[in-house]
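Please look through the sequence and the model shown here.

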Amino acid sequence: MDFSEKLVRLRRQHGITQQEAANYIGRSLRTYVSYERDGRYPRSRDVYEKLARLYDVDANYLYVNDESALSMPGDDSQAKARHQAMQLVTGLSSIFAGGDLDDSDKDAVMIALVKSYFDSKKKTPAPAPPNPGAAPDRP
């Protein structure tokens, strides 16, 4: 579920009008509507915090579009890694939304992140393909 879908669902669940939500976060109705309809995102971390308070959710929920990928059950080391990944995504979302970085700096961050991801995949050995001529395993 993306940001705009979450806002619509939360606003309707709370019985709040778009104007009331806009007033609460200190933005114009036009700006709030752009969050719900046009796929726009707040530029200020403060707006996310106000929306989280208004709708009684964690701000991280608003930052992340696909939280299900980071909340699957697993062992403790996987849970810790998923939590760290969620913190990274939240931090990057906050930095990008805050407008403190220019586009070239944002590009550099994303390039470094993608490079790190693919470097880590090179270090993780892929499982060996089955050998069709090998004898089957016996108990």
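The side chains of Arg11 and Glu36 meet in a salt bridge, with N and O 2.6 Å apart. This pair links distant parts of the chain, since Arg11 sits in helix H1 and Glu36 in helix H3 (residues 29-37), 25 residues apart. Side chains of opposite charge can pair when their charged atoms come close. The model is predicted, and the distances quoted here are computed from it.

Are the two partners buried or exposed? Arg11 has a relative accessible area of 11%, so Arg11 is buried. Glu36 has a relative accessible area of 9% and is therefore buried. The cut-off for a buried residue is under 20% relative accessible area.

Ser4 is found in helix H1, and, leaving out residues up to four places away in sequence, Ser4 touches Tyr35 and Glu36. The relative accessibility of Ser4 is 12%, so Ser4 counts as buried.

Next, consider the chain as a whole. The chain has 139 residues, and buried residues make up 26% of them. There are seven helices and zero strands, so the order of elements from the N terminus on is α-α-α-α-α-α-α. Of the contacts between residues at least 6 apart in sequence, 50% join residues at least 24 apart. The accessible surface of the chain comes to about 9,800 Å², and 54% of this surface belongs to carbon and sulfur atoms.

Helix H1 also meets helix H4 (residues 45-55): their axes come within 10 Å and cross at roughly 35 degrees. The crossing of H1 and H4 is left-handed. Which residues meet there? From H1 they are Phe3, Leu7, Leu10, Arg11 and His14, and from H4 they are Tyr48, Leu51, Leu54 and Tyr55.

At 4% relative accessibility, Leu10 is buried, because the value is under 20%. Apart from neighbours within four places in sequence, Leu10 is in contact with Tyr55, Val57, Tyr61 and Leu62. Leu10 and Asp56 are 46 residues apart in sequence, while their C-alpha atoms are 9.1 Å apart in space.

The structure holds three salt bridges. Lys50 and Asp46 both lie in helix H4, four residues apart, which is about one turn of the helix. Asp46 has a relative accessible area of 38%, so Asp46 is partly exposed.

Another salt bridge joins Asp119 and Lys115, with closest N and O atoms 2.8 Å apart. Both residues lie in helix H7, four residues apart, or about one turn of the helix. Asp119 is partly exposed, with a relative accessible area of 24%, whereas Lys115 counts as exposed at 52% relative accessibility.

The patch lies on the surface and is formed by Leu88, Met110, Leu113, Val114, Tyr117 and Phe118, with about 530 Å² of accessible area together. Leu113 lies in helix H7 and is partly exposed, with a relative accessible area of 32%. A patch residue needs over 30% relative accessible area.

Methods
Residues numbered from 1 in each chain as written. Predicted model: local features only at pLDDT ≥ 70, side-chain atom pairs only at ≥ 80, totals over all residues. Heavy atoms only, no water. Patch = residues over 30% accessible without salt bridge, like charges linked within 9 Å, V, L, I, M, F, W, Y side chains within 5 Å. Areas by Shrake-Rupley, 256 points an atom, 1.4 Å probe, with all protein chains shown as cover. Salt bridge = Lys/Arg side-chain N within 4 Å of Asp/Glu carboxyl O. Helix = DSSP H or I, 4+ residues; strand = E, 2+ residues; numbered from the N terminus. Buried < 20%, exposed > 50% of the residue type's maximum accessible area, 1.4 Å probe, protein only. Contact = heavy atoms within 4.5 Å. Axes fitted to C-alpha atoms, helices over the stretch in contact; angles between N-to-C directions. Left-handed = near helix turned anticlockwise from the far one by under 90°.
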